[in-house]
Amino acid sequence: MKVAIVGAGIVGATAAYYLSKQKDIEVTVFDEGVGQATKAAAGIICPWFARKRNKNWYKMARLGADFYQTLVADVAADGYDSCFYEQVGVVVIKSRQDFLEETLDLALARREESPLMGDVRLISQEELDRHYEGIAGFDQYLWASGAARVEGSELTKTLLAASGVPVVAKKVGFTVLSDGRYEVDGQVFDRLILACGAWLPFILEEHGYTVAVRPQKGQIIDYQFRELDTGSYPVIMPYGEGDIIPFREGKLSVGASHEDKMGYDLTLDPEVLAGLEAKALPFFSKIADAASKSYRVGIRAYTPNYAPFYGEVPGLSGVYAASGLGSSGLTTGPLIGRELVHLLMGETGQLEPSDHPIAPMVVLDTN
């Protein structure tokens, strides 16, 4: 079987990795390399504090956090470094004490089904100071030891390297052939996986589909320090946008922004970036001591109900798609990629596809 994957972000890279482990399957990945959300993503794997009422979304996010344990073990067994993912804990900052206490109660109620979150409790500024210098803002914080940091670009690079599949740097579409197969870039494939995020509407509209996905621009700042041991710090989650994510080797990221009215604009906006920095500084003043900084920008995909979807495209047998991951992409993306492989192989996965249906979001125009 020949499978084409369009999109080398977190969903496509995970699908490529697990398909490469199947016998008698040949995989090719296509990616234009422009605007990919994952390459501009540095995030926190910590879904347990989310207040979304969508129970299906929370189940996906919870299982997505758990799935990283499997993914990391699989990558390590293949001889690759899994430093893209590290459980370093999280410090959650709320603007009011009652918000902090409500979030703690929510997390404790969920801990039985999510033991991965580890030690969850309120900690004082004094206790925080004993372990981590420079985090400030309030008298108390919420701590969860099981939260992790993820560098999206390193994750996809590792998965693609471990898969060994060819990656074609090219913008592509597909043609439906008379025998039920599909042509992509002059090659014929038996199955397609469309993992192109916010660009899914463009690839499917050529075939008469309307896709309920909109773009959201996200900008992020990467700081580099010469002497600060950033690898020893937890991730810091202030209220609102602008998470503070320290990595190894003196790197720290702040962001990302959530810009709903910018379409597919990939231009860096100094005003937005300055706003991210200004918001982060009161909570981690050492940002001002960075030796240098750089910027990234990408485009997330959102649906009207803010929930991801995946499945076989209605009317296109053997064509599978996923999109709408939004800002939870680093948490849910690997699991969705694995679920697409299960669907393609006719296997049962961890999720129920009907809980995240593709049909309402991808509609064939019959007029």
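This is a predicted model: local features need pLDDT of at least 70, side-chain atom pairs count only at pLDDT 80 or more; totals for chains, interfaces and linings use all residues.
## Helix α1 against α5

Two packed helices are described by the angle between their axes and the distance between the axes. Take helix α1 (residues 10-19) and helix α5 (residues 152-163). Their axes come within 8 Å. They cross at roughly 25°. Angles under 35 degrees count as roughly parallel, so α1 is roughly parallel to α5. The crossing of α1 and α5 is left-handed.

On the α1 side, the contact uses I10, A13, T14, A16 and Y17. On the α5 side, the partners are L155, T156, L159, L160, A162 and S163. By class, this contact of α1 with α5 holds 8 nonpolar and 3 polar residues. It has no charged residues.

## Helix α1 against α8

Helix α1 also meets helix α8 (residues 329-344), with axes that come within 8 Å. Here the crossing angle is roughly 40°. That angle makes α1 oblique to α8. The crossing of α1 and α8 is right-handed.

From α1, the contact draws on I10, V11, T14, A15, Y18 and L19. From α8 come G329, L330, G333, P334, I336, G337, R338, L340, V341 and L344. The contact of α1 with α8 counts 11 nonpolar, 4 polar and 1 charged residues.

I10 and T14 of α1 touch α5, and I10 and T14 also touch α8.

## The cavity

How many cavities of 30 Å³ or more are there? The count comes to 1. The largest cavity holds about 40 Å³ of space.

Its lining includes K52 and W57. Y302, Y306 and P308 also line the largest cavity. The stretch G324, L325, G326, S327 and S328 contributes too. By class, the lining of the largest cavity has 5 nonpolar, 4 polar and 1 charged residues.

## The second largest pocket

The second largest pocket has a volume of about 230 Å³. Which residues line the second largest pocket? They are C83, F84, E86, E151, E154, Q224, F247, R248, E249 and K251. One of these lining residues, E154, falls within helix α5 (residues 152-163).

By class, the lining of the second largest pocket divides into 6 charged, 3 nonpolar and 1 polar residues.

Key
Residues are numbered from 1 along each chain as its sequence is written. Side-chain values use heavy atoms; hydrogens and water are left out. Axes are lines fitted to C-alpha atoms, for helices over the stretch in contact, and angles run from 0 to 180 degrees between N-to-C directions. Helices (H or I, at least four residues) and strands (E, at least two) are DSSP runs, numbered from the N terminus. Angles under 35 degrees count as roughly parallel, over 145 as roughly antiparallel, 65 to 115 as roughly perpendicular and the rest as oblique. A crossing is left-handed if the near helix is turned anticlockwise from the far one by less than a right angle, and right-handed if clockwise. Contact means heavy atoms within 4.5 Å. Ala, Val, Leu, Ile, Met, Phe, Trp, Tyr, Cys and Pro count as nonpolar, Asp, Glu, Lys and Arg as charged, and the others, Gly among them, as polar. On a 1 Å grid over the protein atoms alone, a cavity is a set of points where a 1.4 Å probe fits but cannot get out, and a pocket is an open set with protein on both sides within 12 Å along at least five of seven lines; lining residues have an atom within 4 Å of a point. Grid points are joined across faces, edges and corners, and a volume is the space filled by probe spheres set on the points.
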